[in-house]
Amino acid sequence: MAIIERPAPTVPAIVTPTTTYGLLKRPVSATGWRSWVFTVDHKKLGIMYGATAMLFFIVGGVEALLIRLQLAAPNGKVLNADLYNQMFTMHATTMVFLFVMPMAAGFANYFVPLQIGARDVAFPRLNAFGFWAFLFGGIFLNLAWFLGGAADGGWFMYAPNSGPVFSPSNGVDFWALGLQITGIASLTGAINLIITVLNMRAPGMSLMKMPIFTWMITVVQFLLLFAIPVITVALFLLSFQRNFGAQFFDVAAGADPLLWQHLFWIFGHPEVYVLILPSFGIVSEVLPVFSRKPLFGYPFVVFSGAAIGFVGWGVWAHHMFASGLGPVSVAVFSLTTMAIAVPTGVKIINWTLTMWSGKLWFTTAMKFSIGLIVLFTVGGLSGVTHAVAPSDTQQTDTYYIVAHFHYVLFGGAVLGIFSGFYYWWPKVFGKMLNEKLGSWNFWLMVIGLNLTFGPMHILGLQGQPRRMYQWTEARAGEGFFNLAFWNLIASIGSFVLAVGILTFLINVLITSRNPQKAPLDPWDARSLEWMTTNPPKEHNFDVVPTVHHLDDFFHQKYEEDAATHTMKQVRTAEEIMAEQERNADKHIHMPSPSYWPIVLAFGLPVITFGVIYSHLISVVGGVIVLFAAYGWALESSTAPDSDFETNTPGTGLDKVASNHD
Amino acid sequence: MSRRQFDIRLSATIASVRVVLRKASKFAGAAGISAVVAGCATNAPQDTWQPKGPNSKLIDDLQQPVFAVAGIIGLIVAVAVVYTMIKYRDRGQPIPEQTHGKPALEITLTIIPALILAVVSVFTFGAIFKLAKTDDTEMIINVTGQQWWWEYDYPVQNEFGITQPIISSGQLVMPVGTKVLLRETSRDVIHSYWIPALNGKRDAVPGRIHTLRLEADEPGIYAGQCTEFCGLSHANMRMEAVALSKEDFAKWVANQQAPYVAPAKDTLAKQGEEVFLNQCVRCHQVNGLTRADGTPAIAAPDENVWSGAAPNLSHLMSRNTFAGAMFNLLSKQCRDEVWNAPSDVVGAKYLAGVTEECLNQKDLRAWLRNAPEVKPMYANPADLAVSNGKYRGMPYLALSEDDINKLVAYLITLK
Amino acid sequence: MFSTGFKYFFGVTVLSVVALIMSYALFEKFALGGVAISFLIAVGALLAGLLAFSSDGTTRDANTSTSDLTTQSIWPLVSAIGVVFLALGLVTSSVVFFGGVVVLLAALSEWMVQAWSERASTDSTHNAAARKRLLNPIEFPVLAAVGLGVVIFSFSRIMLTVNKSTGAILFIVAGALVLVAGVIFAIKPNMKRPVGAAICVLGALGIVAGGVASAVSGEREELVEAAAEGHFSHAECGPEESKYYDKLSEGTLSLRSSVSATVVYQDGELIARIQGLAKPQKSLTVGRSIPTNIIFRNATEGEFRLVAHLGGSKSADKAADGDSHKDETCTQLVAPGAEQSLTLNIAKPSSVENVYYLYIAGSDEKKIELVVP
């Protein structure tokens, strides 16, 4: 839809109207930094999400290493108490909000449109805005390090310890406001992807023929859509308490600090599934490909994912078993927590049975996926011990729980993400990652993570609480295998883990210097994203595919021999590609880049900066946001025609343009 | 491979695995637990697997089978995955049949874990409600958390000889074999009270009263630690529960209710009392202490400390710790003697209190010299604008070495 | 090369920088003016940069003649009014001053965009459309918000002035009128726009007129009185009913959690029940500096008030001594069988000289000692 109508050319104008709104011209650069900064292409944004998230992963990893250095020996002196508290707060915040979530958003951005056979997401500019809001929010969060100290209340930021008296630096303000900004990014992203998945699937792709990764991402987006508003409310209460003298958590004024805990965990528990489900999706893509078999029990995996999405809303108080809820609430939440273990178990069983009687090809991607099955199971089972509420009152807030969620999040989410790296790298960059280095990467990471987090089970069960900037020998017990020993092992393990991640970065560096060009279909893959070039063209597909099966790409390549029940190849990927190119659409209309998403996103941290320092700065930020919003609304819908192939309406190929936000 | 073949192979394998597992599970459960136990510290003071009272035993009896079941399931998954990896690795076999799953198998494998969890939940429910029981309580103690120490006050309970309220901090003293109900609250942020050997943890939330039942089977000292993140010195907020036999407890109560004994005239301790009256009494109360003019010295911590209280130091030397149980009042040797004493003499040793030769002079002096240096606290006068100039923790008092000598001499008299 | 716009904003930026340096040199302090000038620099530089970057307006300066496209404008007049308010505000009140600032800024923005749009092309229709395209999205929401605000504010004045029953009737009438208007619009979708507009404007004007009249006549009596009363500043702890303090007393109150003790007045006896202790108690331990909730349950036939004596002079002579009010706190008069809560926060420990206790107003003998260790 063209937003700006041209005046009828009754009076010949000397100045053509498209150039009149000079500031509202759309950028057209296809190369150079402008092509990235102003891009609305879901693939470029996906890569930028991934790269930025990786950067924050390193930041959060360094924070983790400092924590482990401090705790390697009793009475550690690497960090002081204040700095340590900031470190573990920001480690968690960075890993959750600035690494796993945006990394998943990166994968989703890149692959969901490809997997459903679309040319872009539903709202490309909103997509770009989401990325920039995430980036600026992340930078804003970390700015606090240089402006008087980062947040020091733990990522859970329990009231009243987060109040102005108990945390006098500006760290918590930066934290609360920074998360508001990244929350806006998540919300816009969620809305965008939900609409994309619901409206823009290729012809023939019913919901139950959708790739499982897209399914899991969809569930995650619904979780975000409902969870982010809750944390937004909580963060508003916190900010108002700190910056405007409100008393939502002030006990002397009659408030109840448990309000924060409920709000936080109503968001926080679905958030756990936001972190893990994308990796479940990745693994559910990788295992079938390298087992040469479809996912075992596809509908069960889909519905167990959806079930997790629903039941995930009813378990939040299991984070609060020790906070004095009363036996009835504890019993109910104990039961629901056990209930959510069932659909999770279903996934483990289905993955194992997917490999069963397959033809297993142990690539690095496959190794990471199998690693996830085993290690996530460990985390899941320790989770079940937490569901037993009386037992949880002994284990909660000890290292046992640190072990539990690191097995879930590192053994689960992160291994899944690395599996995705190795699986999709050739698709995204057209180069193969080195498998040998990949093997090193995998084993170093798996050994490192078991060395780091395995001993934490023992530390926790033997009574070492978490969030302590020092531990004392007086409580470490006796014998060779005392807590001092296990603390040291965990610290050594963390460095092995770091070397493992370094190996990945080296792998990336080496393979980008001496690239091994990726073949068209390196893994003999199954889903639509492989039915295009590596990397995909800007418009993704020369022809929007028509889908007949789950795993349609595989079924285009293979057919079952009716007599022997064996699969035989009937076409190669190259042949499919060549056919596509022969029938390529000539009238593909892609959305133009835009200046405004980044300008609008930039206004947000300016506003929040002003909330902390001077409300005048907020006014400036508000003006920037307003300015950008009007620019966004008023800019011409496309760059001038001369930059595009001609757009013939009615061919069905201007679909993307008509879905243009 | 056809679907039938697949079924047969699967069920055959499951059967064989089942036989192996049945044999292995007993062994694995025992071996797994003993392996874990062997890899653990001995005598870790906060070990959650060493219950010393009925409440923690109830938890332990529940969690041990759960851990064992979880371990076995984990093992089954790991074995199944490894077995699959070896058996179905690519040996040039043809691309398998594209089966999409078997609903009957799926449903079975969904119901089995659900049933296991249903059984677990029945026992969990029982334990939750048993642990929450308070109506047969025999004794109550009010527990108040504050950054970064715990206050214990014993309301008047004549059956235990408590005829006037007792207030203490650092160590919770309780009689054995008595169902003690802690009524927890907090003066500032959320803390959590946890003596692993006696029960699970319970948060102390400002504005609320949460209850936690403790009961110790045998006399002894049980360590604990604040487990809800409570700010700067969270790591240094420790606690110790001292269980005494009923007779020893009566002695302890009698000592706590004994009147204040002023130090003799012209002693160093008397001068120390002077210093205490000038400096310490602003926040710290010593019951029965009077000023020179005979008026009682009432502390006013509410005017100096944000949370409105500071530890009551009456009978300080009957405790073994100070500064939120971060430091020992006893020297290491004396402390080990008390901690390692067998349960029949631990009471007597504890009641001996801190003698001159056992006093941990080093830490006590360091504390008096500059408290914020040895325990991180918000006590720098320059940073207190946000709390209206009130401290959170003990500030630097600029005491001279001479004053410190006097104070130590005085404090040792607070038996 | 450089457009007029670029030159203008570049000049603004340079002058602001000079001003900033001068202000720093002269006053050595930034304060508000410094911040404002810094923003001016930032905005000027941004706009200048954008204009240079997009080369806006470079082509048309040379070969378009725009004098004949100039249209009439109201903005000089509005700006002038803004300046007058601004000046007036300086001597009267800051509200007027800021009103002037807002009017002036709005007028200048409108003026700028109009001037720009008149030079946008040689087609005056297109120029008018361009102006509308840019400004209507701001003008309409702002005007609508202001208009709605005035209407709602006026309506609230009316509701504060009329008494409660009239208020209800007015509400029904207003609702009915809205309904009628809605019905008219619905059954006559082709109604001429001026007619519809007239109906709306008349309705709005009616409300605004009512609002102005109400504001002049002032709020209704009860509200004025209530504002003056301040119920809880009149905590009177005597046995008799207090005029203000016991007003609107519900007589009962349930507390969500965390009750330290329940104090029961029964058969002429005052006892405390504490969780965990089976026997009723005659004393109650209250932690120092901890807000402690106590429930008072009146199990007798009469109305009673629970008073906490918190040190200081004896309650008997409190009537004479105004200061003793600080040392007591109490519940409202509690009806038979009802409950109320009382929150205590005591900072000083109790001692022989400093005795705290709870008692029933009017009968000092029935006491529960409050022990603050």
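This is a predicted model: local features need pLDDT of at least 70, side-chain atom pairs count only at pLDDT 80 or more; totals for chains, interfaces and linings use all residues.

The secondary structure of chain A consists of 20 helices and two strands. Its C-alpha atoms occupy a box of roughly 85 × 75 × 50 Å along the principal axes, and the radius of gyration of chain A is 26 Å, which agrees with the value near 26 Å that a compact globule would have with 661 residues. Of the contacts in chain A between residues at least 6 apart in sequence, 82% join residues at least 24 apart.

Strands of a sheet pair through backbone hydrogen bonds, in either a parallel or an antiparallel sense. In chain B, three strands form an open sheet in the order β4-β10-β9, and the pairing is mixed. Because β4 (171–175) and β9 (220–225) of chain B stand at the edges and each has a single partner strand, one side of each is left without a neighbour in the sheet. From one strand to the next, the twist averages 20°.

The pairing of β9(B) with strand β10 (residues 238–244) of chain B is antiparallel and extends over six bridges; within β10(B), B:Arg238 is the residue that B:Gln225 stands opposite. Helix α4 (residues 246–257) of chain B lies across β4 and β10 of chain B, and this helix runs at about 130° to β4(B).

Note on methods: Residues are numbered from 1 along each chain as its sequence is written. Chains are lettered from A and ligands numbered from 1 in the order in which they are written. Two strands pair if DSSP finds at least two bridges between them. Helices (H or I, at least four residues) and strands (E, at least two) are DSSP runs, numbered from the N terminus. Axes are lines fitted to C-alpha atoms, for helices over the stretch in contact, and angles run from 0 to 180 degrees between N-to-C directions. Two residues are in contact if their C-beta atoms, placed from the backbone, lie within 7 Å. The radius of gyration is taken over C-alpha atoms; the globule rule is 2.2 Å times the number of residues to the power 0.38.
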